[in-house]
Amino acid sequence: MPGVSGRVAAGARGETRIADRVVAKIAAQAAKEAIDEPPEEGVSPRATVTVHRGAARVRVSLELGYPTDIGRQCGGVRRHVAERVRALAGMDVPEVAVQVERLYPRGAGIAAQGRTR
């Protein structure tokens, strides 16, 4: 019941819901930000998200340049994605799974362009 002033209490006004696809876009952008040197030929990271009771479980697919420390890169992506989703969407992130889809040799495009026959 509204108070004497006619105002509705904050908890009774409604709720904010953020669609899974919006959280997935935040996660994909965060993954892109976290990669040291994204491969020139590669595609941008993609993410899928399942939100349940205010917690987001995230799966990120990405491509990396090679050689690289894959474990360090994936750890950085996990941390950054969790931080950004928490900061921007206000959700707990108990899990960020990172899947490396492809490795691209660094400088391969430049070396191939320099060859003439």
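A: Accessible area, the term to begin with, comes from the Shrake-Rupley method with a 1.4 Å probe. On that basis the protein chain exposes about 8100 Å², of which carbon and sulfur atoms supply 49%. The model is a predicted one, and every value discussed here is computed from it.

Q: What makes strands S1 and S3 the edge strands?
A: The 3 strands form an open sheet in the order S1-S2-S3, with mixed pairing. Strand S1 (46-52) and strand S3 (92-105) each pair on one side only, and are the edge strands for that reason. From one strand to the next, the twist averages 15°.

Q: Where do helices H1 and H2 lie?
A: Helix H1 (residues 20-34) lies across S1 and S2 and runs at about 135° to S1. H2 packs on the sheet, where it touches S2 and S3, and its direction makes about 140° with that of S3.

Q: Why is Gln 73 called buried?
A: Buried means under 20% relative accessible area, and Gln 73, at 3% relative accessibility, therefore counts as buried. Gln 73 lies in helix H2 (residues 70-89). Leaving aside neighbours within four places in sequence, Gln 73 is in contact with Ala 34, Ile 35, Asp 36, Leu 64 and Thr 68.

Q: Why is Arg 53 called exposed, and what is its phi?
A: Exposed means over 50% relative accessible area, so Arg 53 at 79% relative accessibility belongs in that class. Arg 53 is placed in the loop between S1 and S2, and has a positive phi of about 55° although it is not a glycine. Most residues other than glycine have a negative phi.

Q: Which bond joins Tyr 66 and Pro 67?
A: Tyr 66 and Pro 67 are joined by a cis peptide bond, with omega about 5°. Most peptide bonds are trans. Tyr 66 is found in strand S2 (residues 55-66), whereas Pro 67 lies in the loop between S2 and H2.

Q: Why is the pair Asp 36 and Arg 72 called a salt bridge?
A: The criterion is a side-chain nitrogen of Lys or Arg within 4 Å of a carboxyl oxygen of Asp or Glu. The closest N and O atoms of Asp 36 and Arg 72 are 2.7 Å apart, so the pair qualifies. Asp 36 is in the loop between H1 and S1 and Arg 72 in helix H2, so placed that the pair links distant parts of the chain, 36 residues apart. Asp 36 counts as partly exposed at 44% relative accessibility, and Arg 72 likewise counts as partly exposed at 44%.

Q: How many salt bridges does a search of the whole structure find?
A: The search finds 3 salt bridges. Glu 37 forms one with Arg 106, the closest N and O atoms being 3.4 Å apart. Glu 37 lies in the loop between H1 and S1 and Arg 106 in the loop between S3 and helix H3 (108-114), so this pair ties together parts that are 69 residues apart in sequence. Arg 57 forms a salt bridge with Glu 95, with 3.3 Å between the closest N and O atoms. Because Arg 57 lies in strand S2 and Glu 95 in strand S3, that pair ties together parts 38 residues apart in sequence.

Key: Residues numbered from 1 in each chain as written. Predicted model: local features only at pLDDT ≥ 70, side-chain atom pairs only at ≥ 80, totals over all residues. Heavy atoms only, no water. Helix = DSSP H or I, 4+ residues; strand = E, 2+ residues; numbered from the N terminus. Buried < 20%, exposed > 50% of the residue type's maximum accessible area, 1.4 Å probe, protein only. Contact = heavy atoms within 4.5 Å. Pairing = 2+ DSSP bridges. Axes fitted to C-alpha atoms, helices over the stretch in contact; angles between N-to-C directions.
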